[in-house]
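Here is a short briefing to read alongside the model.

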Amino acid sequence: MPSDNKPKTGIEVAGRKLKVGNLDKIFYQATGFTKGQMLDYYIRIAPLLLPHLTNRPLTMKRYPHGAQGKFFYQKECPSPRPGWIKTIPVWSGSNNRHVNFCNAADLPTLVWAANLAALELHTSLSLAPAIHQPSLLVFDLDPGPPATIFDCAQIGLLLKDYFDKHQLQSFPKTSGSKGLQVYVPLNTPVNYDSTKKFARILATRFQEKYPDKVVANMKKQLRTGKVFIDWSQNDEHKTTVCVYSLRAKDRPSVSTPVTWQEVAGAVEHKNPDLLTFEAEQVLERASLLGDLFSPVLTLKQKLPAIQ
């Protein structure tokens, strides 16, 4: 487990006392973006981010040496930890025990996690305590080079058309990496067997209808120049990068909610850069647009029948 003996700075966050350290450490070499700036970003975006973290088992992707350094995933909430940090127990069959995930339900917990170099925040599609019930359906659109997020945007719009025809609202966000993700809020009783089957069948139909553009098979050698519709994320044991999470890329890019109009604009102008956002841009968007992803939290919808 990484550790350092450098002096730490005591701060108070929402009435909780915390110690943070290495604030001057460069986390993104290309821009000079520091760990301190990472903490500042998460504090400033917290009003929009926290509702999407609350009561979702959190997997932290930790980068103690910055975005280009070695990383590790942490599911078990680290110990020792402050007594006020809440956890979510999830049974793990492979470990034959409960894994106690962190529940980043408040600002002090978020800052504590960020100080542990949890650069990326990955969440379950379930809300505790209904761990076996996904509240969301997600399609992770991953471009196989030379395809780009521009190609993902085209396929995203086709998915939107499908859901529009079935009177379902869908919400896009960038992955913060090279792809696009389409979320369909459910917030109604359903299980992972149903959502995963639905996603797999729909992805396969898109592959059959658009064989030159789409692949639903996980084999990487089949993805060249196509968009892989990753339906497998709809699984109780998998996580997806949370909206507003930073990503460990060359620059401090963020998984950013966008409008379908923006997605269509990127396709119209053939400009993938229109769907790339860094931390400061996301903060500016938040002040102007609010949380474009807020309907995902409450909108109740049911999946249409699919065979």
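Five strands build an open sheet with mixed pairing, in the order β13-β14-β12-β16-β15. Strands here are DSSP runs of E with at least two residues, helices are runs of H or I with at least four residues, and both are numbered from the N terminus. Two strands pair if DSSP finds at least two bridges between them. The model is a predicted one, where local features need pLDDT of at least 70 and side-chain atom pairs count only at pLDDT 80 or more, while totals for chains, interfaces and linings use all residues. Residues are numbered from 1 along each chain as its sequence is written, and side-chain values use heavy atoms, with hydrogens and water left out.

**The sheet and its helix**

- At the edges stand β13 (171-174) and β15 (214-215); each has a single partner strand, so one side of each is left without a neighbour in the sheet.
- β13 runs antiparallel to β14 (residues 180-185), and four bridges join the two.
- Proline 172 has valine 182 in β14 as its bridge partner.
- Helix α3 (residues 149-165) packs on this sheet and touches β12 (136-143), β13, β14, β15 and β16 (227-230), where contact means heavy atoms within 4.5 Å.
- The direction of α3 makes about 150° with that of β12; axes are lines fitted to C-alpha atoms, for helices over the stretch in contact, and angles run from 0 to 180 degrees between N-to-C directions.

**Cysteines**

- How many disulfides does a search of the whole structure find? There is one, a disulfide being a pair of cysteine sulfur atoms within 2.5 Å.
- Cysteine 77 and cysteine 102 form this disulfide, with their sulfur atoms 2.0 Å apart, and the link is right-handed, with 95° about the S-S bond.
- Cysteine 77 sits in the loop between β6 (72-74) and β7 (87-92) and cysteine 102 in strand β8 (residues 97-102), so the pair ties together parts that are 25 residues apart in sequence.
- Both cysteine 77 and cysteine 102 are buried; buried means under 20% relative accessible area, exposed over 50%, and partly exposed in between (1.4 Å probe, protein chains only).
- Cysteine 152 is in no disulfide, and the nearest cysteine sulfur, that of cysteine 242, is 20 Å away. Cysteine 152 counts as buried because its relative accessibility is 0%.
- Cysteine 242 is in no disulfide either; its nearest cysteine sulfur belongs to cysteine 102, 14 Å away.

**Helix α2 and arginine 16**

- Eight of the nine residues of helix α2 (residues 107-115) are buried, among them Pro108, Leu110 and Trp112.
- The cover over the buried residues of α2 includes β1 (9-13), β2, α1 (35-53), β5 (58-62), β8 and β9 (118-123).
- Just after α2, alanine 117 takes a positive phi of about 65°.
- Arginine 16 belongs to strand β2 (residues 16-20) and counts as partly exposed because its relative accessibility is 35%.
- Not counting residues up to four places away in sequence, arginine 16 touches Ile11, Trp84 and Pro108.
- Arginine 16 and tryptophan 84 are 68 residues apart along the chain, yet their C-alpha atoms are separated by 8.9 Å.

**The annotated region**

- An unreviewed UniProt entry carries the annotation "domain: DNA ligase D polymerase" for residues 34-293; UniProt positions are given in the numbering used here, feature names are shortened, and annotations may be inferred rather than shown by experiment.
- Over residues 34-293 the chain is 32% helix and 23% strand, and the end C-alpha atoms are 27 Å apart.
- Threonine 34 lies in strand β4 (residues 33-34) and is buried, with a relative accessible area of 15%.
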